[in-house]
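Visitor: I would like to learn how to read strands and helices in a model. Could you walk me through this one?

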Amino acid sequence: ETDGKKLLSMAGRCLEDFEKTGVTGFPALWELESSGILEDLGVFFDLELEEEEFLPAYFELRFGMEESEEKDSAFSTREPAIIRAGKHALRLRGRIDRIDLSPGRNVARVVDYKSGRKYGKENDLEGGTRLQLPLYLLAAQQLLEKKNRNLVVARAEYYFMTDRGRFARVGFDAEALAAMQK
């Protein structure tokens, strides 16, 4: 049995267990929803296997928040990320879904999973309404450089990991952010 089939089998059992809780609504609609979830998971898994530029390295990197019962990344910290904005210091807290590293482990990419429709534009703050990616980029750089000064966070991106989101990626590059800060 392939890894993909094992994953889909485990996910199917989880969905069956969830259905037994009685909160899934009408059976016919749940059947459509759960089959869509399994289809999306299969496509997502295949796309992840095709990725060669970066490899997943850290998951659930928490900063500025207390420890949770969930498993955190080794880079997680209670300390907030401090972002300088002129003479002000912004104390940020959050949880980064995933950080990928290049094969040489010197370049990183922040990944934030999204399950809805694709939105946003590459390297666009959209009038100040889309700050999550650039802030995560800055926070990740600050947190990771404590362990590895040679590591550069080059990009932060939304990964729309469903058919609804067309499995698209929309990101913000460190170079674009640096140009905006000048």
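Guide: Two strands pair if DSSP finds at least two bridges between them. Strands (E, at least two residues) and helices (H or I, at least four) are DSSP runs, numbered from the N terminus. This is a predicted model, where local features need pLDDT of at least 70, side-chain atom pairs count only at pLDDT 80 or more, and totals for chains, interfaces and linings use all residues. Residues are numbered from 1 along each chain as its sequence is written, and side-chain values use heavy atoms, leaving out hydrogens and water.

Visitor: In which sense do β4 and β5 pair?

Guide: Antiparallel: four bridges link strand β4 (residues 94–101) to β5. Isoleucine 99 stands opposite valine 110 in β5.

Visitor: How many bridges join β5 to β6?

Guide: Eight, and β5 and β6 (residues 152–160) run parallel. Here valine 110 stands opposite alanine 156 in β6.

Visitor: Is β5 largely enclosed or open?

Guide: Buried means under 20% relative accessible area, exposed over 50%, and partly exposed in between (1.4 Å probe, protein chains only). In β5 (residues 107–114), six of the eight residues are buried, so the rest of the structure largely encloses this strand.

Visitor: Which residues of α1 are buried?

Guide: They are Gly4, Ala11, Gly12 and Leu15. An arc is taken from the directions from the helix axis to the C-beta atoms. Down the axis of α1, the buried residues fall within an arc of 110 degrees, so they line one face of the helix. Asp3 and Cys14, on the other side of α1, are exposed.
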